[in-house]
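Subject: Structure for you to look at

Hi,

Here is the structure I promised to pass on. Please open it alongside this note. My findings follow below.

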Amino acid sequence: MTVDKNDFKYILMKDAEWCNHLGFSDFEGLNSIIDRGKAIQLVNLCEARHENRCNTISYYIKDRGNVKVILLAGPSSSGKTSTSLRIALQCKVHGLNPRTIELDNYFVDREQTPKLPDGGYDYECLEAMDLKLLNHDLCALLSGEEVDIPTFDFKNGAKVWDGKHKMHLEPNDILILEGIHALDPEMTRDIPEEAKFYIYVSDISSISNYDPNIHTTDNRLLRRMVRDNRVRGISPEETILRWPSVRQGEEKWIFPFQKNANMVFNSTMQYELPLLKHFVTPLLRGIGEDSPAYAEAQRLLSVLKNIEPLPLEAIQAIPCTSIMREFIGGQILSRELL
């Protein structure tokens with residue numbers, strides 16, 4: 001029987017195998033590793049596995065020979081940005097020259113943006129993207145032409161061409177496009193399929209299966225809570241209340257296209273809940289009983305209370321290129337390569 005390596009159950013199985021290789025299968029075993037002073041070793045092994053996986057993906061891209069466009073998508077807080085940057089680094093190691101196009105610059109002008117039932121703008125739907133212009137520019141680039149890439153003025157709701165973002169592809173250049181619709185072939189409908197390589201990024205932990213109080217999306221919710229509070233000034237209460245809407249968008253625009261992925265990158269880190277406990281516990285405790293987010297905050301706190309926190313020296317040992325640095329801060333990955 002052929003195994004679908006993009007299947008949710010297969011991804012969980014491989015994560016469980018990795019956990020067993022590390023010597024644990026549940027939170028009790030994970031706590032034991034931390035209690036025995038092995039947290040830094042755990043961090044190092046998890047980071048090495050991530051790096052190896054990025055190297056494997058970049059090797060497949062290089063080995064195929066005809067890939068010119070890498071398309072990467074995944075649900076909220078799955079680590080898409082860090083993953084795309086780390087794969088770009090490995091592609092560079094393999095002799096390719098990654099170039100990035102920001103898909104946010106290809107929104108249609110505000111007056112053309114579809115509306116939601118409540119009258120607000122639907123920025124998540126495919127029709128919010130200027131597919132005609134995007135495909136025109138991509139085809140021109142792949143044909144060797146120089147293209148003036150637009151920037152989107154979000155204040156005025158319109159694309160701007162200032163001549164500062166012209167792009168021309170050299171023979172070893174390869175484009176990386178990251179966005180919620182990246183795995184939908186309709187977004188790049190004019191690009192030959194053989195020139196495209198689809199990557200799906202998610203955060204799927206097998207450890208969660210051992211606790212009925214833990215949802216498969218809790219890791220991502222906690223990641224987002226820490227990042228949004230740190231970078232965007234969004235309260236943990238607001239993150240929790242927005243989460244159902246975020247999940248609805250994922251169900252509609254991301255999950256149906258997971259099957260198109262050439263490769264899946266599972267961004268889960270076995271040490272991440274012990275890590276996130278440091279940052280998210282005070283945020284959750286700050287949500288009062290009168291808040292509509294209180295019950296969910298208490299559920300998350302009840303999950304975290306059974307998890308040993310990661311020691312400070314292990315947090316300091318997390319590399320500046322780690323996916324987790326995207327959320328807790330201190331990341332130094334850049335789209336600018338040599």
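The largest nonpolar core in this predicted model has 62 residues. Within that core, Ile61, Ile199, Leu222, Met225, Tyr271, Leu284 and Leu310 touch the most other members. Helix α3, residues 39-64, gives the most to this core: seven residues. There is also a second, separate core of 39 residues. Ile11, Ala140, Val147 and Ile191 are among its members.

Back to Leu222. Setting aside neighbours within four places in sequence, Leu222 is in contact with Leu273, Leu276, Val280, Leu284, Leu300 and Leu304.

Next, a helix pair. Helix α8 spans residues 272-285 and helix α9 spans residues 294-304. They pack at an angle of about 145°, and their axes are 10 Å apart. The crossing of α8 and α9 is left-handed. From α8, the contact uses Leu273, Lys277, Val280, Thr281, Leu284 and Arg285. From α9, it uses Ala297, Leu300, Leu301 and Leu304. By class, that contact has seven nonpolar residues, one polar and two charged.

Last, the cysteines. Cys19 is buried, with a relative accessible area of 1%. Cys125 is buried as well, with a relative accessible area of 5%.

Best wishes

Methods:
Residues are numbered from 1 along each chain as its sequence is written. This is a predicted model: local features need pLDDT of at least 70, side-chain atom pairs count only at pLDDT 80 or more; totals for chains, interfaces and linings use all residues. Side-chain values use heavy atoms; hydrogens and water are left out. Axes are lines fitted to C-alpha atoms, for helices over the stretch in contact, and angles run from 0 to 180 degrees between N-to-C directions. Helices (H or I, at least four residues) and strands (E, at least two) are DSSP runs, numbered from the N terminus. A crossing is left-handed if the near helix is turned anticlockwise from the far one by less than a right angle, and right-handed if clockwise. Contact means heavy atoms within 4.5 Å. Ala, Val, Leu, Ile, Met, Phe, Trp, Tyr, Cys and Pro count as nonpolar, Asp, Glu, Lys and Arg as charged, and the others, Gly among them, as polar. Buried means under 20% relative accessible area, exposed over 50%, partly exposed in between (1.4 Å probe, protein chains only). A nonpolar core is a set of buried Ala, Val, Leu, Ile, Met, Phe, Trp, Tyr and Cys residues joined through side-chain atoms within 4.5 Å.
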